[in-house]
Amino acid sequence: RESGTIFGPVPIFGLFSASRFPENRSDTFSVRNAALIFNRPPASKALLCVLALAPLWLIGILARGYYTPDEPRERDIAWRMSQPAASMAVPNLAGTPFLEKPPAYYWLAAVSERLAPDLPYAPRIPNLLYAAVAMIATLYWARAAGAKSSAWFAALAGASFLLAYRTAIWLATDALLVACT
């Protein structure tokens, strides 16, 4: 290719110059070449992504009350499962089995409730784990898809979208389902 374009010797007046295509790796994505943080192994990128979004998640989880009608119901189910005489097999709501949602979320929220019974946000604490798992999975999925230089950006962007953020801080089974898919 004589002119350095993808179209061979036909000049396109800089619109399709070699610097816009991965054929010329020396000058593409110069941010990647300039920043040392992007050359780290994936485990440290995952940790940095989690630490970058931890303040956002913590504000949403710790600094507010329960939104009605869903969060008080979810908290009540987790609280009932955390009681010593309660059955961990079937979630209960006001003494009747609550079989509308999978019980795994309530199990982990009940364990969190047992470990910190005086904290009003205790059932939300496992959501931090779910949000981190979902973001790290996005990071590794993007790396496996071949986007090694921008995988960290995919993880940060995906975890900070409003719907993903709302799911991460909301006391509901959605956060666990997102982390597992």
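Reader: Which pattern does the protein chain follow when it is read along the sequence?

Author: In this predicted model, the protein chain runs α-α-α-β-β-α-α-α-α-α along the sequence, and it holds eight helices and two strands. Buried residues account for 32% of the 181 residues, and the accessible surface comes to about 10,700 Å², with 69% of it belonging to carbon and sulfur atoms. Of the contacts between residues at least 6 apart in sequence, 56% join residues at least 24 apart.

Reader: Is N127 buried or exposed, and which residues does N127 touch?

Author: N127, which has its place in helix α5, is buried, with a relative accessible area of 0%. Leaving aside residues up to four places away in sequence, N127 touches I61, Y105, T167, A168, I169, W170, L171 and A175.

Reader: Turning to charged residues, how many salt bridges are there, and which parts does the pair of R124 and E71 tie together?

Author: Side chains of opposite charge can pair when their charged atoms come close. The count for this model comes to seven salt bridges. In one of them R124 pairs with E71, the closest N and O atoms being 3.3 Å apart. Because R124 lies in the loop between α4 (104–115) and α5, while E71 lies in helix α3 (residues 70–82), the pair ties together parts that are 53 residues apart in sequence. Both R124 and E71 are buried.

Reader: Which residue forms a salt bridge with K101, and is K101 buried or partly exposed?

Author: K101 forms a salt bridge with E74, with the closest N and O atoms 3.2 Å apart. K101 lies in the loop between β2 (96–97) and α4, and E74 in helix α3, so this pair ties together parts that are 27 residues apart in sequence. K101 counts as partly exposed at 25% relative accessibility, whereas E74 is buried, with a relative accessible area of 1%.

Reader: What separates D76 and R80 in helix α3?

Author: D76 and R80 are four residues apart in helix α3, so they are separated by about one helical turn. They form a salt bridge whose closest N and O atoms are 2.8 Å apart. D76 is partly exposed, with a relative accessible area of 21%, and R80 also counts as partly exposed, at 31% relative accessibility. Elsewhere, salt bridges that share partners join D70, R73, E74 and K101 into one network.

Reader: Which residues make the nonpolar surface patch of about 270 Å²?

Author: That patch is made by L47, L48 and L51. L51 is found in helix α2, residues 42–62, and counts as exposed at 51% relative accessibility.

Terms used:
Residues numbered from 1 in each chain as written. Predicted model: local features only at pLDDT ≥ 70, side-chain atom pairs only at ≥ 80, totals over all residues. Heavy atoms only, no water. Buried < 20%, exposed > 50% of the residue type's maximum accessible area, 1.4 Å probe, protein only. Contact = heavy atoms within 4.5 Å. Areas by Shrake-Rupley, 256 points an atom, 1.4 Å probe, with all protein chains shown as cover. Patch = residues over 30% accessible without salt bridge, like charges linked within 9 Å, V, L, I, M, F, W, Y side chains within 5 Å. Salt bridge = Lys/Arg side-chain N within 4 Å of Asp/Glu carboxyl O.
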